[in-house]
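Please examine the sequence and the structure shown below, and keep both in view while reading the paragraphs that follow.

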Amino acid sequence: MAAVKKTAAAKGKRPPKKGLHTRMPTKRSINLVLIDENRISPLKAIPAILIIIILAAAFSKFMVADRLLEMSRAQGEADRIKTTLQQTQEALENYEGIEDTYAHMTTTGMTEEELGRVNRVSILELVSSILPQGDYTRAWSVSGNILTVEITGRTLEYLNELSRRIEKSPIVDTCAISTAVKNEQVQHAPNAVAQTLVDALDSSRRQVENGLEDFVLSSMINTLQPVVSERIQARLTIYLVKPPEDAADQSAEAPQEGAPTEPRAPQRPVKGALAPAADEAATQPEEVSAP
Amino acid sequence: MKIMSRNFTTAEKILIVALALILVGLAYYNFVDTPVRQSIASSEAETDMLQTELDAAQARLSYLQGVQKNIDDLKSQGGLGWMGSYNNSNVEVKFLNDVLADTLKYSINFANVVRTGDQIRRNFTLQFTTRDYAEAQSILTRLLEGENRCLVGDMSCSIDGSGQVSLTATATFYETMVGGTPDAGLPADSAAANR
């Protein structure tokens with residue numbers, strides 16, 4: 001600035017009067033630094049921003065949201081199983097003490113032979129149904145599932161017909177006449193039959209009107225007389241079998257307990273085959289086999 | 001971008017971007033990835049444990065449902081009767097006394113008790129005489145269909161001329177060790193001895 005004043009004085013110019021002040025712009029420094037042209041072109045900025053947004057969105061989706069979703073799913077699965085487990089445990093509480101009850105009812109510890117036995121009550125009923133059929137049933141026995149009945153009948157044909165009728169029972173697989181004997185001893189059987197009838201009537205004597213009992217007695221004896229002349233003492237061997245529904249009932253066992261196998265009936269001959277003759281009957285005279 | 005009156009160089013920009021990415025990565029790893037992974041692993045472990053427990057519970061439930069069904073079936077079909085807990089002999093003898101009260105004569109011969117696992121067998125031979133066949137039939141029916149499980153094995157019956165019936169039968173009372181109290185009369189487990 002001093003150099004400028006000196007130059008003006010040197011050129012003869014008057015110095016400015018006192019009191020007159022002309023305001024001149026003064027600039028004491030010059031910024032020589034060039035202002036950067038730092039404008040970002042929208043053509044570049046928009047795609048860049050879009051790319052950044054897409055990348056950020058993708059990152060948020062795949063790296064954050066999906067992982068959180070996966071975590072939530074895993075927790076949800078655990079919660080679901082926990083709920084199911086609670087429900088199952090509540091259901092289990094309803095069965096408390098059931099195993100003790102079952103232990104008193106189960107057939108698990110029983111053998112196949114025991115489970116395979118034909119119901120003895122059914123056998124008693126079967127024998128009961130045979131008794132009036134035969135003229136004279138002396139004895140019967142059951143060994144395993146084989147029933148042997150000592151019976152006296154009128155004729156062999158009659159006994160054979162009886163055995164066919166017995167076979168119709170659901171617990172009978174087959175029935176065969178194992179021995180059939182006609183001898184002196186048997187001839188006396190009708191007397192015993194008559195005596196049985198007399199005894200039976202004697203017990204109900206008081207309930208029968210006077211005179212009628214004699215009529216009944218004589219009538220029965222007369223009826224029996226022609227029959228007793230031909231008497232066959234026979235042994236029926238009856239192979240019993242458990243009805244399918246009974247066998248199914250017995251085999252019902254709880255799972256996981258090693259349920260016993262379904263009971264099997266013992267070996268028996270084919271239906272209609274002859275039964276083996278009993279040892280003790282083999283010595284009887286006039287022994288015949290069933291047709 | 002201008003700090004300290006100048007633009008960053010490309011290398012600086014790359015470095016800054018790289019650092020920013022590393023920071024984001026670290027933050028993601030620390031605050032998102034690790035907790036999520038731990039949570040998932042924890043949930044999966046819990047799921048596995050619960051699933052194992054659930055499988056066992058469901059298997060038991062299924063078993064007990066089967067047991068219940070069998071009990072219902074046995075109840076509806078009559079079954080073989082109730083097995084008392086060992087030692088139930090007093091009840092059984094009393095029961096026999098009631099059943100055989102009307103017989104003309106009887107004889108009971110108990111054999112030794114047999115134990116197979118939890119199953120107790122009290123074998124006995126029974127002989128009795130009744131006035132007629134119907135009475136004998138009634139006695140055996142009561143014996144077989146009574147409260148205590150009793151199975152009859154072999155039997156033989158003879159009817160004499162007067163109609164009296166003599167019946168001999170081998171029979172077994174069944175008891176269980178479930179709820180039972182071992183005593184001096186309890187034999188060794190034959191099933192365990194055979195193993």
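The axes of helix 5 (120-130) of chain A and helix 3 (residues 133-144) of chain B come within 9 Å and cross at roughly 165°. Here an axis is a line fitted to C-alpha atoms, for helices over the stretch in contact, and angles run from 0 to 180 degrees between N-to-C directions. Because angles over 145 degrees count as roughly antiparallel, helix 5 of chain A and helix 3 of chain B are roughly antiparallel to each other. Helix 5 of chain A passes helix 3 of chain B in a left-handed crossing, a term used if the near helix is turned anticlockwise from the far one by less than a right angle. Helix 5 of chain A takes part through A:Arg120, A:Val121, A:Leu124 and A:Ser128, and helix 3 of chain B through B:Tyr133, B:Gln137, B:Leu140, B:Thr141 and B:Leu144. Two residues are in contact if their C-beta atoms, placed from the backbone, lie within 7 Å. By class, this contact has five nonpolar, three polar and one charged residues. Ala, Val, Leu, Ile, Met, Phe, Trp, Tyr, Cys and Pro count as nonpolar, Asp, Glu, Lys and Arg as charged, and the others, Gly among them, as polar.

The model is predicted: local features need pLDDT of at least 70, side-chain atom pairs count only at pLDDT 80 or more, and totals for chains, interfaces and linings use all residues. Residues are numbered from 1 along each chain as its sequence is written, while chains are lettered from A and ligands numbered from 1 in the order in which they are written. Helices (H or I, at least four residues) and strands (E, at least two) are DSSP runs, numbered from the N terminus. The model scores ipTM 0.77 and pTM 0.63.

The axes of helix 2 of chain A and helix 1 (residues 10-77) of chain B come within 8 Å and cross at roughly 20°. That angle makes the two helices roughly parallel, the term for angles under 35 degrees. Their crossing is left-handed, and their contact has 19 nonpolar, nine polar and eight charged residues.

Taken as a whole, the contact between the chains takes 53 residues from chain A and 55 residues from chain B. Helix 2 of chain A gives the most to the side of chain A that touches chain B, with 18 residues. That side divides into 25 nonpolar, 15 polar and 13 charged residues.

Chain B has four helices and seven strands, which run β-β-α-β-α-β-β-α-β-β-α from the N terminus on. Its average pLDDT, the predictor's confidence in each residue from 0 to 100, is 89. Among its elements, strand 1 (residues 2-3) has the lowest mean pLDDT (52) and strand 5 (residues 119-130) the highest (94). Of the 195 residues of chain B, 23% count as buried, that is, with 20 or more other C-beta atoms within 10 Å of their own.

B:Tyr106 lies in strand 4 (residues 105-116) of chain B. Because B:Tyr106 has 18 C-beta neighbours inside 10 Å, it counts as partly exposed, the class between buried and exposed, where exposed stands for 12 or fewer. B:Tyr106 touches B:Leu100, B:Gln127 and B:Phe128, not counting residues up to four places away in sequence.

Finally, a cis peptide bond joins B:Tyr86 and B:Asn87, with omega about 5°. B:Asn87 is found in the loop between strand 3 (84-85) and helix 2 (89-99) of chain B.

Terms used:
Angles under 35 degrees count as roughly parallel, over 145 as roughly antiparallel, 65 to 115 as roughly perpendicular and the rest as oblique.
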